[in-house]
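Biologist: I have a new model open and would like to learn how to read it. Could you take me through it step by step?

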Amino acid sequence: MISLSKFKAVDFYRKFPRDLTEASVSGAWLSIATALAMIFLFGMELNKYLTVSTSTSIIIDNSSDGDFLRIDFNISFPALSCEFASVDVSDALGTNRLNITKTIRKFSIDPQLRHKAIEFHSEPVPHVIQHGDEADDEAVEGSVSLNSDSFAKVSQEHPILVVNFFAPWCYWSTRLRSSWEKAAKIIKERYDPDKDGRIILAKVDCTEAVDLCKRHHVQGYPSIRIFRKGSDLWDDYGHHEHESYYGDRDTDSLVKAMEELVSPTPLENQKPALEKNRPAPLTGGCRIEGYVRVKKVPGNLIISSRSGAHSFDSSQMNMSHVIGHLSFGKIISPRVLSDVKRLIPYLGRRHDKLNGRSFINHQDLDVNVTIEHYLQVVKTEVVTVKSSHESSLIEQYEYTAHSSLAQSVNMPVAKFHFWLSPMQVLITENPKSLSHFLTNVCAIIGGVFTVAGILDSILYITIRLMKKMEIGKNI
């Protein structure tokens, strides 16, 4: 058995008797400075250990989300009717998707961008609408011509008022004219306005009664609207309650549709007195929200007025809009995004760059104005380390945006040009080792203590030499 005295021989840290040590003022100050230096350096090392460090690299886009990219948006158009608002997508490969509806929702809004709680659903427009014989030039005048002054009076005199809002220059209005007048004449003969009066067909020339057409938010020609007495009131959001007719436009189809309108309406022997008119508020618009999936090639997202059986006056189209939200890729939950931003503060600053911005065209100054946005999209991947054997991948698309308002000879639209970079930014979190941290702490303590010991020795010897020189002694 090893004796205790032999075991003490391996002691690296031999002690001096207290009587053989000497304390000094300089040593005390140096010890305090050493302790403060150790605390300061330890704090620096701890902060470095707790701070996440990352490395950034640029690589070829090898996305794991396939060949398609999702675009989410919420855009409000104060002067675009939901009735004809269309969302289209095209790309450099020749893909053209018109009037996307499956993933799109529309809400009628007022000029203050407040929307009705009920989602707007327009009646489906047939791909081919039947018209009458457009070569029939027989002079038939069966409908009543209305203007801003006579509209309110006539709408209160008949339970049902069906109005053809048209424009003389419109091709579709010209094709409808003959059938409309013939149908109006037949209805007038069957339901004499003086004896029956349950229904009457009328027409409004929107090139003359401009204000009347604007009040009813007529943007496509011809627009056949059905007004019912008693329910034809303006609601709080500025929308006129009416129905739109989307069926065939030949004489027989029009007469049949009018008969179906009249059948549930009781006969009135006496016409009601003209009620007090309610002032018409400003015209409403449309809020379009949803998402589309596009190929990862340069392309366009276009919002415009579209119909296969209506014409539009481009000088009256105002595509001003407010972008509530526009982003690319999967939507990251706020909690995940907050955690990632805590690790990488600059991430996410440009994934919704256009959110909350307004692009307004004042039509009294410019007409036929197309509003275009040019978006350059770059993908950023963040690899975070949860443990030594587990990591997570977060994908975020960010973009830069440049917008312009320009006059065009074509129909005004709101167009978003997007271009996806073939490169992507890869941000990787660098893991921190606890053993490396402890090693650095030991190095700090040992290094500071050793350096302080050397300084103390030098200082002690220097002071002794100075004292000896003062008393004139030789070394």
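Modeller: Gladly; we will go from confidence to overall fold, and then to a single residue. This is a predicted model, in which local features need pLDDT of at least 70, side-chain atom pairs count only at pLDDT 80 or more, and totals for chains, interfaces and linings use all residues. Residues are numbered from 1 along each chain as its sequence is written, and side-chain values use heavy atoms, with hydrogens and water left out.

Biologist: What does the chain average in pLDDT?

Modeller: pLDDT is the predictor's confidence in each residue, from 0 to 100. Here the chain averages 79, and 78% of the residues score at least 70. Residues 232-240 stay under 50, and so do residues 269-283.

Biologist: How many helices and strands does the chain have?

Modeller: Both are DSSP runs numbered from the N terminus: helices are H or I with at least four residues, strands E with at least two. This chain has eight helices and 19 strands. A contact means heavy atoms within 4.5 Å; among contacts between residues at least 6 apart in sequence, 84% join residues at least 24 apart.

Biologist: Is Ser76 buried or exposed?

Modeller: Buried means under 20% relative accessible area, exposed over 50%, and partly exposed in between (1.4 Å probe, protein chains only). Ser76 counts as buried because its relative accessibility is 8%. Of the 475 residues in the chain, 41% count as buried.

Biologist: Where is Ser76, and which residues is it in contact with?

Modeller: Ser76 lies in strand E2, residues 68-77. Beyond its neighbours within four places in sequence, Ser76 is in contact with Ile109, Leu113, Cys286, Arg287, Ser320, His321 and Val322.
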